[in-house]
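Here's a quick walk through a protein chain, starting with one curious residue and then stepping back to the whole. Take a look at the model before reading on.

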Amino acid sequence: AVMSFNPHAVAAMADLLPGVPRGLTTCGFDPADWIGARTGARPDGLSGMRARGDALRRIPDYDRVGAAFVSHDHRDLDNPRIAELKARGAGVLCWTIRTPQEETRARRIADNITFEGYAPKLP
């Protein structure tokens, strides 16, 4: 499988590797989490960053790129779009789990988890 935050890259993978499952890496796109919003480095400024984040939060490119799953920030798994995609049969992965408490919350929604610096107990 391949995945990216960049929907254009995921769409390109459909042509390059049509038999490989594709996913979108997604999150709540809080401007405070993005360097361009904090530094003002983007030419369209903070308001442009918020508008783009609001659009991306709705994961509008899922169908267009032929995605089979999303890998979503665990802090935003209650996003209604995640529930909608899961109900449609999309795989829901999440990132990045670092504690047992985060794992417990994530497993309520996510089908699979990316861990960092924390080894979960095996069943």
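Which side chain of opposite charge is nearest to Arg-22, and how many Å away is it? Keep in mind that this is a predicted model. The side chain in question is Asp-15, at 8.4 Å. A salt bridge would need a side-chain nitrogen of the Arg within 4 Å of a carboxyl oxygen, so Arg-22 has none, even though it is buried.

So what does surround Arg-22? You'll find this residue in strand β2, which covers residues 22-26. Its side chain reaches the backbone oxygen of Val-65 at 3.2 Å, and that of Gly-66 at 3.2 Å as well. Leaving aside neighbours within four places in sequence, the contacts of Arg-22 include Val-2, Val-10, Met-13, Leu-17 and Phe-69.

Now zoom out. The chain has five helices and five strands, and if you read along the sequence they come in the pattern β-α-β-α-α-β-α-β-α-β. Of its 123 residues, 38% count as buried. Among contacts with a separation of 6 or more, 38% link residues 24 or more positions apart.

Next, look for the largest nonpolar core, a set of 18 residues. Those with the most contacts inside it are Ile-59, Tyr-62, Val-70, Leu-77 and Cys-94. Two elements give two or more residues to this core: α4 (80-87) and β4 (91-97). The largest share, three residues, comes from β4.

Not counting residues up to four places away in sequence, Leu-77 touches His-72, Ile-82, Val-92, Cys-94, Ala-106, Ile-109 and Ala-110.

Technical notes:
Residues are numbered from 1 along each chain as its sequence is written. This is a predicted model: local features need pLDDT of at least 70, side-chain atom pairs count only at pLDDT 80 or more; totals for chains, interfaces and linings use all residues. Side-chain values use heavy atoms; hydrogens and water are left out. Helices (H or I, at least four residues) and strands (E, at least two) are DSSP runs, numbered from the N terminus. Buried means under 20% relative accessible area, exposed over 50%, partly exposed in between (1.4 Å probe, protein chains only). Contact means heavy atoms within 4.5 Å. A nonpolar core is a set of buried Ala, Val, Leu, Ile, Met, Phe, Trp, Tyr and Cys residues joined through side-chain atoms within 4.5 Å. Lys and Arg count as positive and Asp and Glu as negative; His and the chain ends are not counted. A polar contact is a pair of N or O atoms within 3.5 Å; within protein, one must be able to donate a hydrogen and the other to accept it, and residues adjacent in sequence count only if both atoms are side-chain atoms.
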